[in-house]
Amino acid sequence: MATTLKAGTSWDDAWRRCLAVAPEAFRDDRALNLWNSTWQDDGRALPAATPVDGSPIAGPPRLDAAAAHRAVRASLDQHRAWCHIALPERRARVAATLDALAEHRELLALLLVWEIGKPWRLATADVDRAIDGVRWYVDHVEEMVEGRVPLAGPVSNIASWNYPMSVLVHAMLVQALAGNAVIAKTPTDGGVSCLTLACALAAREGIPVTLVSGSGGELSGALVRAPEIGCVSFVGGRDTGAAVATAVADLGKRHVLEQEGLNTWGIWNFSDWGKLTATIPKLFDYGKQRCTAYPRFVVQREAFDAFLNAYLPAVQTLRIGHPLAVENAEDPYPELDFGPLINAAKAKELTDQVSEAISRGAVPLHRSAPDPARFLDGQDTSAYVHPVTLLDPPASSPLHHAEPFGPVDTIVLVDTEAELLAAMNASNGALVATLSTDDEGTFNRLAPQIRAFKIGEGKPRSRGDREELFGGFGASWSGAFVGGELLVRAVTQGPAGERLPGNFPDYYTTTQRA
C-alpha cells in the first residue's frame, strides 16, 4: 500500500534544487525566459498544476508577440557569431553541456515526473537518450558537416510536451553543433522547468540558445514567419502542423514538421501469439502518449479469438499509479508502465470519447480499474485514465481515425488483404506501422502498400536513435527527414540545388523499411 512520497522527491524538493543549481534561471516563484544571452524576468507566469496529483507547480512565463520578435532578432545576432565558431570549439562546448546534463540527470528526471507525469524509469530514459544521442553526434559530426555550412538564421523549435529531453533538447544541441543558434518555445502543457534547467546548463557553456514561452498563436509570427528564422522544426498535431506547413511553404522556408498519424498493427495469417503477449505491455509505455504509439490493431477475423487470448492477459498486467508513491519513504521508485495523462482536461476528453464511441456501437472488450494501492490516500486522480480496449469504434468517433494519445486501444476486424491495407492506412499516412504474419513473402508483398515511414515485421518501430533515420508518410510529415546524418543535413546548407530527403509537395524520399 502506497502511503507516502519517496524521500526527497516532492515538488518543493525539486524546486529548491533548481534554485541551487541554476539561480540565474529561476526565481522563488517562477522560471525565466532566456533571450539575448540573458535570463529575463519578463512575461506573465501562468498558474499550472502537476498531472500527478493536481497540486500547483511552476507555469510558463508567457511572452507577447513584440517580446518574441525581439528575442528572435537577438538570436539572429547570436547565430551570426556562432556560425563562425570552429567545429572543434562547438564540439567541446556541446560535450561540456552533456557532462553538465549528466551531472544533474536525476533532477531533470524528477522535473519530468512532476511536470508531465512520467514514471521514473521513463523519465530517466528520456534524459539518458538525449545525452547519449547527442554524444554520438559529437563523435561523428565532422564527416556530416563536410562541404556544408550553417543556415542563414537560427533554427526555431516548437515541440510537444511529451519528450522535452530526448526530442527537443536533443534536436537543439545537434542544431547548435552544426553551427546554428537555436530557439525553443516551451510546450504550453508541461516541461518548462526541465527545459529551463537544461537550457541554463547549455547557456553556461556558451551554447547560443533562446528559450521562450507563450501562446503558439501569438508567437507564431515570430517563431515561424519571421524572416530571421532559418528553419522551423515542429513536433505536434496535424491541425497546428498544417498551419505551420502553410506558413513555411508560402515563405519557402526550410522546415521539419513531424505530425501525428494513426499508427496501426496488422495481424494476418499469424500464430506466434506468445511473442505478441510479451510485446503488448511495452506498447503502453507512458500511456501511449507518444507519436510512435500503436493505438489500432487490425486483426484477421478468423484469428480474433486467438488474438484476444494473447492480448487480454497482457493488458491486465499493466501497472498504473502515482509515479512517486511508495509504502516507505526510503523504498525504491515504483515500477509502473505509466502514470497520469498530461492533464485532467485530456483525461476527461479521452474518457468522453470512449463513452461516446460505446454509445454509438463500439464494443468494450476491456476496461481496467484503478488499484488504490498505487496511489496516495485522498490524492487527486483526475488526470489518470486506465486502459480501455474497444472493438469497432464507429466512423463518426475520433477514435476511429485519429491518434487518441492515451491508453485506449481500438480493434478493427477484416476478412481480406484489401480490407487489411485499407484499415491500416486509415489516417492518410503514419510514422510507424507493424505487420505480424508468419509468411515472409506476405510481409514483403504487403509492407510496401502500408503508408508509414517505418514498418516493423512483427515488432514495434520507434523514432530510433543515432544513425537511424526518421520521417513520415502522407499527412504525418512535411519537410526534411531527420535522424542520423539527415538531422544535420536538415539544418545546414549543402551544394546549390540540393534536394533534401523528405516529404515535400513535389517529391518524396523512399521510406525506410524494417
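**View 1. Helix H14 and its two sides.** On one side of H14, Ala418 and Ala422 are exposed (exposed is over 50% relative accessible area, buried under 20%, partly exposed in between, with a 1.4 Å probe and protein chains only). The buried residues of this helix, residues 417-424, are Leu420, Leu421, Ala423 and Met424. They span an arc of only 165° around the axis, so they sit on the same side of H14; the arc is taken from the directions from the helix axis to the C-beta atoms. Their cover includes strands E16 (264-267), E17 (296-300), E21 and E22 (430-436), plus helix H15 (440-446). Helices (H or I, at least four residues) and strands (E, at least two) are DSSP runs, numbered from the N terminus.

This is a predicted model, where local features need pLDDT of at least 70 and side-chain atom pairs count only at pLDDT 80 or more, while totals for chains, interfaces and linings use all residues. Residues are numbered from 1 along each chain as its sequence is written, and side-chain values use heavy atoms, with hydrogens and water left out.

**View 2. Strand E20 and its two partners.** Strand E20 (residues 388-391) is covered on both faces: Val388 and Leu390 are buried on one side, Thr389 and Leu391 on the other. E20 pairs with E19 (residues 363-367) in the antiparallel sense over four bridges, with Arg367 opposite Val388. With E21 (residues 408-414) the run is parallel, again over four bridges, and here Leu391 stands opposite Ile411. Two strands pair if DSSP finds at least two bridges between them.

**View 3. Two loop residues with positive phi.** Most residues other than glycine have a negative phi. Asp392, in the loop between E20 and helix H13 (398-401), has a positive phi of about 55°. Asp392 is partly exposed, at 37% relative accessibility. Asn269 has a phi near 45° and lies in the loop between E16 and helix H10 (273-283). At 39%, Asn269 is partly exposed too.

**View 4. Inside the largest nonpolar core.** A nonpolar core here is a set of buried Ala, Val, Leu, Ile, Met, Phe, Trp, Tyr and Cys residues joined through side-chain atoms within 4.5 Å. The largest one has 123 residues, and Leu173 is one of those touching the most other members, along with Leu101, Met165, Leu197, Leu276, Phe297 and Phe307. Helix H5 (residues 120-144) gives the largest share of this core, twelve residues. Skipping residues up to four places away in sequence, Leu173 touches Val94, Thr97, Leu98, Leu101, Val134, Ala202 and Ile207 (contact means heavy atoms within 4.5 Å).

View 5. The structure holds 22 salt bridges, each a side-chain nitrogen of Lys or Arg within 4 Å of a carboxyl oxygen of Asp or Glu. Asp99 and Arg135 meet at 2.9 Å, N to O. Asp99 is in helix H3 (residues 87-103) and Arg135 in H5, so the pair ties together parts 36 residues apart in sequence. Glu258 bridges to Arg463, the closest N and O atoms being 2.5 Å apart. Glu258 lies in strand E15 (residues 254-259) and Arg463 in the loop between strands E23 (452-457) and E24 (477-480), so this pair ties together parts 205 residues apart. Glu258 is buried at 4% relative accessibility, and Arg463 is buried at 19%.
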